[in-house]
Amino acid sequence: MNWPYVNEAGALKEEKCDVLVLGGGLAGLHAAIAARRHGAEVTLLEKGNANRSGAAGTGFDHWEMACTNPGCRVTPEEMTLALEEEQDYFSNAIGHYIETREGWDRLLDIEQFGGKIRDTEGEFAGQPFRDEKTGLLYAYDYHNRYTLRVWGTGFKPALVREARRLGVRIQNRIEATTLLTQEENGGRRTTGALGFDTRTGAITIYRAKAVVLAMSRPARVWLFHGDLPGLCEFRPFSSIGSGHAMGWRAGMEFTLMEKSVRGEFSASGRSFPPYGTGNNHNTWYAATLVDARGMEIPYVDRDGRELRTVEERYMPAPGQKFFLKGGVIDEPKYEWRGPETLPFDELIRRGYRLPFYADLGAMPEGERRVIWGMMVGQEAKTRIPIYENYTHRGFDPQKHLLQSYGTGWQSAAFLDQERQLFGAPGGVMHDWNLETNVKHAFAAGDMLYASDCAGHACATGYWAGEHAAEAAERADFGSVDQDLVCREQERLLRPLEVQGGIDWREVNAAAAKAMQNYCGGVKCEDLLIQGLQAIRSLKEESRRIQCRNPHELTRAHEVSDILEVSEMILEACRLRKASCKPLFFERSDNQEARREEENCYLTLRQEEGQVHPGRKPLRFYGDLETNYKAHQRGGGLE
Amino acid sequence: MMKKEYRAEYTPASVNPLRFDPEKCIGCNRCVEACQIDVFLPAGVQGKTPVVVWPGECWYCGACVMECPKPGALELRHPLMNQAAFVDRDSIRKEKMF
C-alpha cells in the first residue's frame with residue numbers, strides 16, 4: 001500500500017533549544033516542566049505519542065515511597081536507608097532520597113494539572129486504607145502509609161496538557177538516535193542530539209545547551225518472539241534502551257550493567273498478561289488465595305505467626321517499625337519483611353493442591369473493590385486489556401476465582417537464560433545533580449542505575465530538568481560534529497538502499513539467542529568473549545537489514561541499539577570476576593578472592609572502541625540530607 | 001542520496017489482536033495517534049477505518065481503545081494462549097484437608 005505520510009528521506013533539518021529532553025514518559029515530561037518553570041526553552045522528543053507513551057502511558061496504580069505525604073510515618077532517611085540495606089547498597093540512594101523527599105510534591109503538582117490522587121467522591125469512605133481527612137488511599141503498610149493508590153490512567157494526558165500550556169515543544173514520532181558531543185576542558189559535553197521522524201524519515205539536528213536523557217531501560221536483549229514481538233517483554237515494545245545505546249556510543253559511564261534477573265514478566269508464551277492472573281503481589285496485594293479445593297492459603301508475618309484477618313495483612317509485625325513492599329521489593333530481609341503467604345514448598349508439604357486461585361469474593365467488600373476496579377483498572381496495561389476484557393468475558397470478582405499458573409502465583413515459567421533487566425537494573429552513573437560524566441547531559445527515570453517505578457521517575461525527572469535548566473543558563477550551543485552527523489545519516493537510512501536483504505526480526509532473534517547462549521544465568525569468561533564475537537558479527541550482519549519505510553527503519557534502529565546494549569552488558573559481565581548474589585550475578589569461573597574488593601560499583605565507558613573500567617565505593621554519594629540540601633533547586637515545596 | 005519511494009505491506013502474525021467494527025468506526029484516526037508503536041496506518045481516504053499493518057508489534061496496552069470515541073468500534077483481545085482461566089467459586093468443592 002502507499003505510504004500515507006510525507007516522504008522526507010534524506011532531509012536534514014536543524015532546530016535549537018536550551019534544554020532538550022529525550023523521551024516523553026513520566027520522567028521526560030517532568031524534566032520538561034521543571035526546566036520550563038526555570039525559564040528554559042524546552043523541546044521534548046517522543047518516539048510514540050507523549051499522551052500515552054512510556055511504561056506508564058496507559059496508567060499506574062501505586063505511587064511508592066511518598067514519605068512527605070501528610071499520613072506517612074516513615075522519614076525519607078529511614079526509607080532510603082531501608083532500601084539501601086535491602087539491596088546491599090546496590091541501590092540508587094540519590095534517586096531514592098529525591099523520590100522520598102519530593103515524590104509527594106510531584107503528586108501535588110499532578111493534582112493541580114488535573115490528575116486524580118485522592119478519593120474525592122468518597123468511593124472508599126470508611127475503608128481502613130482511606131484517610132478520612134485527606135481522602136488519600138494507602139497501599140501495603142496501612143499503618144505507615146508511605147505508598148499511595150492513585151488513578152494513574154489520567155496522569156500522562158494531564159502532564160502533556162501542562163507541558164504544552166507552559167510552552168514545552170513536544171515533538172511526537174521523533175526517535176532520538178544519537179547524542180551529540182564535543183570536547184571541552186579535557187572532557188566531553190553534549191551539544192544536542194539527532195532525531196529521526198518515524199513517519200517521514202527526516203533527520204533533525206537538535207542543538208541544545210543541555211540534554212536530559214529520560215528513556216527506557218534496555219529490553220528485548222534476551223527475550224524475543226519473531227511472530228509476536230510486541231509480546232516478548234513487559235515494558236512497551238518500542239522502549240528498548242536507546243538512551244543506554246546512544247550514551248554508550250558517546251562515552252557515557254554506566255554501572256551495574258552486569259545485573260540481570262531470570263525473566264519475571266512478559267506476556268508471551270512463558271507468562272500471562274501482567275496483573276491478569278490470580279496472584280497476591282503488587283497490584284493484587286494482599287488478595288486472598290485458595291488452593292484447588294478452595295482451601296484458603298495462610299498469610300504469615302515475618303515470624304511465621306499466622307494472620308487471622310485480612311486487615312492484619314496490611315500491618316507490620318509486633319515490634320516492627322514498617323515493612324517494605326513495592327515494585328522493586330521481592331523477598332525482603334527479616335527487618336522489613338511484610339506479611340506473605342506461606343512459601344510454596346511448605347504449602348505443598350501441608351497438602352495444598354495446585355492450581356491456586358485468587359479469591360476476591362472471600363475478601364471484605366472494600367478490599368475487593370479496591371483491587372478489582374481501582375488497582376486492576378488503573379495499573380499500566382490493565383484498564384482495557386484486563387479490567388474491561390475480563391469483565392466482557394464474564395468475570396465477576398464476587399463469583400469467580402481467577403487462576404494462578406505454574407508453581408504458586410507468579411504465573412511465569414522462564415528458564416534461567418531467559419533474562420531481563422528488571423528489579424533496579426543497571427544504568428547511567430551520575431552525581432547529585434543527576435548529571436553524567438558527559439557534561440550537560442543529565443539522566444532521569446529508568447536511565448539511572450538501580451531505578452524503578454513511577455514516583456521515582458517523576459521525582460528524578462523533575463530534579464534533572466531543574467539542573468539542566470541551570471546548566472543551560474551558563475552554556476553556549478557548542479558545535480556540531482558534522483562527520484558524526486554524516487555517518488549517522490548513512491547508518492539510519494542505509495536499510496532503504498539494501499536489496500535482497502534480511503528482516504530486522506532475524507537479527508533481533510539471533511542477538512537474543514546469542515545472549516541466552518553466552519550470557520545466561522551462569523557466566524564464564526570464555527563464553528562472554530564468544531558472546532562478544534557473536535554480537536560483533538551480528539553488527540556486521542545487521543548492515544544487510546532491508547527496510548521499505550520509516551516504520552521499519554525505526555525497528556532496524558532499535559535492533560542496532562539492542563546490539564550496542566548487548567555488547568555493553570557482555571563487557572560489564574567481564575569486568576566483575578566474582579559472583580555477586582545481590583546482583584544475581586553468578587560465574588562458573590568465580591574468583592572468590594576478589595569478592596570483597598569488588599563490593600563496589602564497577603563502572604564502564606567506551607572511548608574509541610576501548611572499554612575503560614572504573615569503580616566507585618558503595619556509598620559514594622555521601623550524607624543524604626547534606627547533599628540533598630546543597631543540590632536542591634526548589635522542587636520540594638517546603 | 002536518491003529518494004526512495006516508501007511502501008508498506010501488511011505483515012501478518014499468528015494473532016490479530018485488534019478488530020474494527022467498520023459499522024461503528026468513524027475513521028477519526030485517534031487510535032492511530034494513540035498507538036506508541038504505530039501498528040496502524042490511516043486509510044488513504046478520510047473517514048475510513050485505519051489498517052492494522054503490524055499486528056505482531058502490538059504490546060496490548062489498550063491505548064487505542066481508551067482513546068476511541070465510539071464504544072465497540074475497536075476491540076483488543078489477548079491471544080488464546082494468554083487467556084487466563086476463571087472458575088465459579090461454588091464449583092470448587094471445599095473439603096477438609098487433614
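The crossing of helices α1(A) and α4(A) is left-handed, a label used when the near helix is turned anticlockwise from the far one by less than a right angle, with right-handed kept for clockwise. Everything here comes from a predicted model, in which local features need pLDDT of at least 70, side-chain atom pairs count only at pLDDT 80 or more, and totals for chains, interfaces and linings use all residues. Residues are numbered from 1 along each chain as its sequence is written, while chains are lettered from A and ligands numbered from 1 in the order in which they are written.

Back to that helix pair: α1 covers residues 26-37 of chain A and α4 covers residues 155-166 of chain A, and the two pack at an angle of about 25° with their axes 10 Å apart. That makes α1(A) roughly parallel to α4(A). (Angles under 35 degrees count as roughly parallel, over 145 as roughly antiparallel, 65 to 115 as roughly perpendicular and the rest as oblique.) Axes are lines fitted to C-alpha atoms, for helices over the stretch in contact, and angles run from 0 to 180 degrees between N-to-C directions. Helices (H or I, at least four residues) and strands (E, at least two) are DSSP runs, numbered from the N terminus. On the α1(A) side the contact is made by L29(A), A32(A), I33(A), R36(A) and R37(A), and on the α4(A) side by L159(A), V160(A), E162(A), A163(A) and L166(A); residues are in contact if their C-beta atoms, placed from the backbone, lie within 7 Å. By class, the contact of α1(A) with α4(A) has seven nonpolar, no polar and three charged residues. Here Ala, Val, Leu, Ile, Met, Phe, Trp, Tyr, Cys and Pro count as nonpolar, Asp, Glu, Lys and Arg as charged, and the others, Gly among them, as polar.

Helix α3(A) has two packing partners to describe. With helix α2 (residues 76-86) of chain A, α3(A) packs at an angle of about 145°, the axes being 9 Å apart, and the crossing of α2(A) and α3(A) is right-handed. Here P76(A), M79(A), T80(A), L83(A) and E84(A) of α2(A) meet A93(A), H96(A), Y97(A), T100(A) and R101(A) of α3(A). Five nonpolar, three polar and two charged residues make up the contact of α2(A) with α3(A). The other partner is helix α10 (residues 454-473) of chain A, whose axis comes within 8 Å of that of α3 (residues 93-113) of chain A and crosses it at roughly 95°. That makes α3(A) roughly perpendicular to α10(A). Residues meeting there include G95(A), I98(A) and R106(A) from α3(A), and H456(A), Y462(A) and W463(A) from α10(A). The contact of α3(A) with α10(A) divides into five nonpolar, five polar and three charged residues.

Next come the sheets. An open sheet of four strands in chain A runs in the order β18-β10-β22-β23, with antiparallel pairing; two strands pair if DSSP finds at least two bridges between them. At its edges stand β18 (427-428) and β23 of chain A, each with a single partner strand, so one side of each is left without a neighbour in the sheet. Helix α14 (residues 550-575) of chain A packs on this sheet, touching β10 (254-255), β22 and β23 of chain A, and its direction makes about 135° with that of β22(A). Strands β22 (residues 601-607) and β23 (residues 610-616) of chain A pair in the antiparallel sense over seven bridges. L604(A) has P613(A) as its bridge partner in β23(A), and Q606(A) stands opposite V611(A). The two strands form a hairpin with two residues between them, and E608(A) in the turn has a positive phi of about 45°.

Another open sheet in chain A has three strands in the order β3-β5-β4, again antiparallel. Its edge strands are β3 (62-63) and β4 (137-138) of chain A, each pairing on one side only. Strand β4(A) pairs with β5 (residues 148-149) of chain A over two bridges, with Y138(A) opposite L148(A).

Finally, the two chains meet through 51 residues from chain A and 44 residues from chain B. On the chain A side, α9 (383-392) and β16 (400-403) each supply at least two residues, and that side divides into 20 nonpolar, 23 polar and eight charged residues. Strand pairing also links the chains: β16(A) and strand β5 (residues 86-88) of chain B pair in the antiparallel sense over three bridges, and L401(A) has V87(B) as its bridge partner. The predictor gives the complex an ipTM of 0.96 and a pTM of 0.97.
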